[in-house]
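Hi everyone, thanks for coming.

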Amino acid sequence: MSDALNLSPQTTYRLAIASRTVLAIFGSYLFAALAAASLSLLLPGPRAQAVLGATMLAFVLYCAMAIWAFSAACATRAWLVALACCAPPALHLLLREVMS
């Protein structure tokens with residue numbers, strides 16, 4: 001891609017870091033929010049305890065996604081894995097809304 005746009009290697013590197021940073025901040029937040037909302041509906045027990053458990057787990061998921069954003073082999077793979085992780089809770093919430 002950098003050859004087609006005539007970008008220098010330094011510019012390509014900086015864009016990759018910027019992309020990973022955006023993913024670590026906003027992508028991780030989106031994934032954690034979707035997972036917390038979805039899990040709060042799936043976890044058994046009283047509603048308050050389910051929400052609390054889902055929220056605590058969401059903090060762990062946020063950290064894991066942020067770490068993954070910088071440890072993936074390339075930025076494209078990091079984005080694809082983030083999208084794949086966001087799909088199940090998003091589909092669960094969407095289907096739950098459609099079915100009700």
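**A walk along the helices**

Let's begin with H3, which has 25 residues and reaches 36 Å from its first C-alpha to its last, close to the 36 Å expected at 1.5 Å a residue. Before I go on, keep in mind that this is a predicted model.

So what's tucked away in H3? The buried residues there are Ala 50, Ala 54, Ala 58, Met 65 and Ala 69. And what covers them? The cover includes H2 and H4.

Let's zoom in on one of those, Ala 58, which sits in helix H3. Is Ala 58 buried or exposed? Its relative accessible area is 9%, and buried means under 20%, so Ala 58 counts as buried. Setting aside residues up to four places away in sequence, Ala 58 touches Ala 32 and Ala 36. Now compare that with Arg 20: it is 38 residues from Ala 58 along the chain, and their C-alpha atoms are separated by 20 Å.

Over to H2. Find Ser 28, which has its place in that helix. Ser 28 has 0% relative accessibility, so it counts as buried. Which residues is Ser 28 in contact with, leaving aside its neighbours within four places in sequence? They are Leu 23, Tyr 62, Met 65 and Ala 66. You've met Met 65 already: it was on the list of buried residues in H3.

Next up, H4, covering residues 75–99. Where does H4 bend? Look at Ala 87: the bend there is about 30 degrees, and a proline, Pro 88, follows within four residues.

On the inside of H4, the buried residues are Ala 75, Ala 78, Ala 82, Cys 86 and Pro 89. Their cover includes helix H2 (9–42) and helix H3 (47–71).

From Leu 83 to Ser 100 is 17 residues along the chain, and their C-alpha atoms are 26 Å apart.

Last stop: the surface. Leu 91, Leu 94, Leu 95, Val 98 and Met 99 make a nonpolar surface patch of about 570 Å². Leu 91, for one, is in H4.

Conventions. Residues are numbered from 1 along each chain as its sequence is written. This is a predicted model: local features need pLDDT of at least 70, side-chain atom pairs count only at pLDDT 80 or more; totals for chains, interfaces and linings use all residues. Side-chain values use heavy atoms; hydrogens and water are left out. Patches are made of residues with over 30% relative accessible area and no salt bridge: like charges are joined within 9 Å, nonpolar side chains (Val, Leu, Ile, Met, Phe, Trp, Tyr) within 5 Å. Accessible areas come from the Shrake-Rupley method with a 1.4 Å probe; for residues, only the protein chains shown count as cover. A salt bridge is a side-chain nitrogen of Lys or Arg within 4 Å of a carboxyl oxygen of Asp or Glu. Helices (H or I, at least four residues) and strands (E, at least two) are DSSP runs, numbered from the N terminus. The bend at a residue is the angle between axes fitted to the seven residues ending there and the seven starting there. Buried means under 20% relative accessible area, exposed over 50%, partly exposed in between (1.4 Å probe, protein chains only). Contact means heavy atoms within 4.5 Å. The expected span of a helix is 1.5 Å times one less than its number of residues.
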